[in-house]
Amino acid sequence: SATAKKYSNASILLARYLMNCSYPNGKNPYWGEGSVSTSIKSRIKTFLGYLGSKYDDNPDVQALRYFVNNSNGTAPYNIAQYTPVKIVTDRTGWTTRDSMFFMNAKCAGYHGHRDALAILYYYSGRALLTDTGTTSTSATHPHYNFQHNSTRSHNTIEIDGRAQTWQKRIELGADMGEITIVGNNSYSSTSAWTTANTDDISTTSASGSTVTHKTDFTHYRHVSYMKALGEILFVSDKVVPADTASHGYCQNWHSAPYSNPTLAADAYDTGRTNFSSGANLLIAQVDGESITSALHTGYDASASATTTQYFKYKKEVAGTVTFQTVLYPMPEGTTATVKPTKITMNGTSDDTALASRVSVNDSSRPTVKTIYHYHSFESAPATRSFDAFTTNAGTVTLVQDGSNKVHFVALTGGTSISSGNNV
């Protein structure tokens with residue numbers, strides 16, 4: 001019947017969404033209210049069994065078949081964007097050893113967590129950046145306030161110790177944020193913004209008390225995902241307050257439980273996970289000398305019997321604040337150092353554009369010695385120079401080897417990058 005066909009087509013689209021949001025291990029990310037270790041792959045396999053071959057001319061069904069068994073069907077696109085729910089995902093492929101990036105730009109509706117612009121990242125069999133999940137839906141549980149009523153429990157920026165404001169009805173959050181992604185199999189560029197930190201409605205403090213924000217804030221976040229070169233992430237943050245008062249901005253990063261995190265007392269506030277086996281993550285700040293860094297205690301629903309530790313990077317400033325952060329994944333057994341420094345551009349303020357030069361010494365990536373990263377927050381990027389390079393792009397990532405030979409360049413939002421007479 002027409003009704004049955006309509007229901008089946010809607011179910012196929014839902015399955016495709018779940019597939020795109022799944023980790024490379026075939027399970028769902030533990031995001032918000034989601035359950036731990038649910039196998040999306042096995043559920044979609046069961047669903048395809050119900051469908052039979054009736055819908056095999058549907059390209060979404062062919063993508064689902066490949067997801068379940070990559071000897072069947074057609075490989076799905078690696079990039080997905082879901083505009084109504086403000087979610088993007090990207091990955092290097094569809095095997096269990098591929099990496100995957102997930103980002104959300106809403107703080108409204110059925111997803112009741114205050115996590116707009118939060119990032120999840122899965123690499124080499126491990127969730128290197130994870131959500132803390134939901135230990136219990138009971139408001140009296142000791143984990144509830146941290147996981148449900150705070151922003152610090154997510155990989156985004158918390159302002160003045162207050163959570164983002166959550167809208168119960170998803171349509172009320174429609175104009176409070178946006179997210180877009182462009183890219184290919186080598187590189188992707190994600191841009192997003194949110195006004196979820198607003199003084200228009202009440203929110204909660206770290207202690208769970210009802211408060212309001214001191215003013216309105218707009219948070220802009222851009223992520224460059226270098227899929228073809230080590231799956232490194234560059235994160236550029238800008239937060240604009242509606243007043244001139246001083247505010248506290250805390251950028252938070254959570255890894256999976258038992259990561260044994262450490263913070264170095266260096267110029268980059270280098271944070272490291274130290275899992276005893278498998279992949280690890282290195283976090284380095286371009287403005288490390290202007291940041292106060294610390295390890296804080298939290299909770300993770302996938303290890304609810306213990307506490308966890310997470311990275312917190314804080315700036316206390318008046319006016320617009322920016323962060324430039326390198327998220328550097330390391331395969332098992334890797335020894336790596338990452339040293340980012342800020343590039344000052346004449347006549348350009350940080351709230352207009354950011355640039356950095358990153359020195360790398362990595363046993364697993366011997367040809368990667370210097371990474372340049374540039375990002376403009378302008379809606380129409382101006383032509384601008386950073387270091388020895390000039391570009392009209394919105395974002396540039398350029399990699400040199402030990403002989404200063406360029407062997408990777410990616411740019412979005414523009415058409416050219418040059419150095420001297422070389423274009």
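Tutor: Serine 124 is placed in the loop between strand S4 (119-123) and strand S5 (126-129). The model is a predicted one, and in it the phi angle of serine 124 is near 50°, a positive value in a residue other than glycine.

Glutamate 231 is found in the loop between S11 and S12. Its phi is near 60°, again a positive value in a residue other than glycine. Glutamate 231 has a relative accessibility of 16% and therefore counts as buried, since the cut-off for burial is under 20% relative accessible area.

Arginine 221 and aspartate 237 form a salt bridge through their side chains, at 2.7 Å from N to O. Arginine 221 and aspartate 237 are both buried.

Strand S11 also contains threonine 218. Apart from neighbours within four places in sequence, threonine 218 is in contact with Thr194, Thr195, Lys238, Val239 and Val240. Tyrosine 187, by comparison, is 31 residues from threonine 218 in sequence and 26 Å from threonine 218 in space, taken from C-alpha to C-alpha.

Side chains of opposite charge can pair when their charged atoms come close. A search of the whole structure finds 10 salt bridges. One of them has the side chains of glutamate 158 and arginine 152 meeting at 2.8 Å, N to O. Glutamate 158 counts as buried because its relative accessibility is 2%, and arginine 152, at 18%, counts as buried as well. Another salt bridge is formed by lysine 342 with aspartate 350, whose closest N and O atoms are 2.7 Å apart. Here lysine 342 counts as partly exposed, at 38% relative accessibility, and aspartate 350 is partly exposed with a relative accessible area of 25%.

The helices remain to be described. Helix H2 (residues 40-51) packs with helix H3 (residues 59-68) at an angle of about 130°, and their axes are 9 Å apart. That angle makes H2 oblique to H3, and the crossing of the two helices is left-handed. On the H2 side the contact is made by Ile40, Lys41, Ile44, Lys45, Phe47, Leu48 and Leu51, and on the H3 side by Val61, Leu64, Arg65, Phe67 and Val68. By class, the contact of H2 with H3 has 9 nonpolar residues, 3 charged residues and no polar ones.

H3 has 7 of its 10 residues buried, so this helix is largely enclosed by the rest of the structure. The buried residues of H3 are Asp60, Val61, Gln62, Ala63, Leu64, Arg65 and Phe67. What covers them includes helix H1 (2-21) and H2.

Notes:
Residues numbered from 1 in each chain as written. Predicted model: local features only at pLDDT ≥ 70, side-chain atom pairs only at ≥ 80, totals over all residues. Heavy atoms only, no water. Axes fitted to C-alpha atoms, helices over the stretch in contact; angles between N-to-C directions. Helix = DSSP H or I, 4+ residues; strand = E, 2+ residues; numbered from the N terminus. Parallel < 35°, antiparallel > 145°, perpendicular 65-115°, else oblique. Left-handed = near helix turned anticlockwise from the far one by under 90°. Contact = heavy atoms within 4.5 Å. Nonpolar A, V, L, I, M, F, W, Y, C, P; charged D, E, K, R; others polar. Salt bridge = Lys/Arg side-chain N within 4 Å of Asp/Glu carboxyl O. Buried < 20%, exposed > 50% of the residue type's maximum accessible area, 1.4 Å probe, protein only.
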